[in-house]
Amino acid sequence: MNFKRILIVCILLLIVACKEKDKSIERQVIWKPYNDSLDVVANANHQKSRMRYKLIQSKVLDKNDIFLPLYKDVSAISETDYNTWKPLILEQDIPTIQAHIAAGDLSYEKLVLFYLYRIYNYELNNETTLNTILALNEEVINQAKLCDETLAKFPNAERHEIFGMPILLKDNIDTQGMHTTAGAIAFMDNNTDDAFIVKQLKSHGALILGKVNLSEWAYFLCSGCPVGYSAVGGQTLNPYGRKIFETGGSSAGSGTAVAANYAVAAVGTETSGSILSPSSQNSIVGLKPTIGLLSRSGIVPISSTLDTPGPMAKNVTDTAILLSAMTGQDLSDEKSVDTDKHFKNIEEQSLSGKRFGAFKDKMETDSLYAATLQVLKDQGATIVVFTPESVSLPGFRSILSIDMKHDLPSYIQNHVLNKETLDVSDISEVIHYNKQDSLIRIPYGQALFEGIVADTVSTEQLKGIKDNLEHKSRAHLNAILDSNQLDAILSINNFYAGMAAVAKYPALTVPMGYKTNGEPENLTFITKSFQEVELLQLGLAFEKATKSRKLPADYSE
């Protein structure tokens with residue numbers, strides 16, 4: 001009897017082992033890494049030095065870990081299902097999608113499955129992947145079903161328009177149940193609770209679809225390296241031209257994912273240009289808010305002086321709705337403010353009678369900018385051409401360096417739940433950690449991190465730098481705005497982002513067209529603090545007058 005029992009146990013163990021082996025085989029079938037050396041060679045002579053990649057594919061990320069948990073659900077979607085949902089969702093704004101759901105033509109579950117289908121279709125194919133997805137919420141389909149149940153039980157209840165909308169988050173924003181890596185291998189196992197803005201999104205019923213790639217440490221690690229690169233996620237690629245156009249940074253994954261219709265919208269972060277740049281490079285709308293309008297708690301920092309999250313979407317309407325869903329005063333963020341302004345229902349304004357400032361040199365060198373200004377004139381706007389005085393921003397780098405030297409340890413202490421298992425607690429330890437395997441962890445070096453340690457500016461000196469730059473930049477921008485009675489200054493992409501950053505002024509960037517080679521370009525509106533409503537109204541009017549955004553051709557199916 002004992003022998004028979006032992007034999008039975010052995011057989012059962014063998015069956016289990018075979019099943020585990022089958023699972024292993026299944027993992028390999030879903031996604032296989034590829035040799036990216038030919039892609040690297042092909043870009044070796046790119047006209048932009050930052051696009052001469054050393055690698056494209058992540059050396060540490062196994063996409064099977066990301067995509068297997070929901071693979072069964074996504075595999076059950078038929079092409080007929082997808083094509084039925086497509087005209088109801090693709091490139092549609094939130095109010096339109098919500099209307100389809102209210103009418104019974106769509107559901108929140110189908111909405112989530114539609115985006116997952118696109119993500120799996122493009123991101124598991126090594127010839128179309130944008131290397132943009134770092135994590136997926138394994139519970140998102142169940143959460144969408146709950147939204148459908150809530151709608152069925154309470155069809156007339158008042159809800160925020162973000163309810164049931166799948167949103168992607170830049171992977172420096174703390175999210176419970178998913179690691180917050182900031183793109184760094186040292187942070188690959190970083191466990192946290194939700195950031196304040198994520199709590200706000202969830203409280204309004206938004207669905208967190210997943211996390212997206214970024215320029216590692218929000219592009220404050222290496223000098224002159226590719227934007228959109230992280231050791232965790234590899235090289236993010238632009239859907240308008242993979243390996244041809246830059247993605248912009250540091251919110252590269254947020255920009256590329258929204259452009260490719262992987263979600264309704266995404267959240268990015270900016271210190272100086274990190275929302276404006278990838279939004280422009282990917283032909284989407286991006287808002288860098290006034291410092292303090294949105295909480296920064298639970299976001300891996302560069303600078304507590306200049307950092308802010310912000311919404312990124314395919315249109316101004318969705319940008320306003322996403323902004324509205326994240327607002328609220330956070331008492332743990334000393335710069336966070338309460339606001340009674342409502343952003344989700346922006347009323348369209350006429351461009352007639354508006355006054356805009358335009359850079360004379362940009363008009364002479366950028367034909368698309370000049371043509372766009374003519375469109376504004378045709379809409380009844382007045383264009384005031386100016387040549388700005390040259391204003392330097394001495395000490396700007398020190399603000400970032402000294403802030404990060406103090407802010408990163410504070411973040412680790414206050415937000416990392418498993419800090420005892422992390423290998424790092426400050427900048428010096430990150431530098432040391434990276435040097436242990438420099439080819440994998442820092443293939444482009446860590447010059448900016450080393451500069452943080454080398455910066456000897458004192459706390460008192462730093463305060464003087466901050467006060468001086470804020471005063472200089474505001475005086476400069478105010479002189480242009482006030483002397484010409486302007487509604488906004490018009491820039492291109494992230495030009496003047498640094499000036500707006502140290503002034504702590506908001507900026508909104510909206511697609512204005514494409515260069516002759518197909519590279520996207522945006523018109524950027526800059527104005528004074530807490531004028532987001534006015535910016536969004538102007539942006540909406542411009543968007544409707546031009547209708548410039550086009551879906552990237554290779555991601556239109």
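**Exercise 1. State how many cavities of 30 Å³ or more the structure holds, and describe the lining of the largest cavity.**

Step 1. The structure holds four cavities of 30 Å³ or more. A cavity is a set of points, on a 1 Å grid over the protein atoms alone, where a 1.4 Å probe fits but cannot get out. A volume is the space filled by probe spheres set on the points, and grid points are joined across faces, edges and corners.

Step 2. The largest cavity has about 60 Å³ of space.

Step 3. Lining residues have an atom within 4 Å of a point. For the largest cavity they are W31, Q57, S58, L61, K63, N131, T132, I133 and G233.

Step 4. By class, this lining has three nonpolar, five polar and one charged residues. Ala, Val, Leu, Ile, Met, Phe, Trp, Tyr, Cys and Pro count as nonpolar, Asp, Glu, Lys and Arg as charged, and the others, Gly among them, as polar.

*Note on the model.* The model is predicted: local features need pLDDT of at least 70, side-chain atom pairs count only at pLDDT 80 or more, and totals for chains, interfaces and linings use all residues. Residues are numbered from 1 along each chain as its sequence is written, and side-chain values use heavy atoms, with hydrogens and water left out.

**Exercise 2. Identify the disulfide and describe its geometry.**

Step 1. A disulfide is a covalent bond between the sulfur atoms of two cysteines. The criterion is a pair of cysteine sulfur atoms within 2.5 Å.

Step 2. A search of the whole structure finds one disulfide. It is formed by C222 and C225, whose sulfur atoms are 1.9 Å apart.

Step 3. The link of C222 and C225 is right-handed, with 75° about the S-S bond.

Step 4. Both C222 and C225 are buried. Buried means under 20% relative accessible area, exposed over 50%, and partly exposed in between (1.4 Å probe, protein chains only).

**Exercise 3. Locate Q281 and describe its polar contacts.**

Step 1. Q281 belongs to helix α12 (residues 276-281). Helices (H or I, at least four residues) are DSSP runs, numbered from the N terminus.

Step 2. Q281 is buried because its relative accessible area is 10%.

Step 3. A polar contact is a pair of N or O atoms within 3.5 Å; within protein, one must be able to donate a hydrogen and the other to accept it, and residues adjacent in sequence count only if both atoms are side-chain atoms. The side chain of Q281 makes such a contact with the side chain of E519 (3.0 Å). A polar atom of the Q281 side chain also lies 2.9 Å from the backbone oxygen of E246.

Conventions:
1 Å grid on protein atoms, 1.4 Å probe; cavity = no way out; pocket = protein on both sides within 12 Å on 5 of 7 lines; lining within 4 Å. Helix = DSSP H or I, 4+ residues; strand = E, 2+ residues; numbered from the N terminus.
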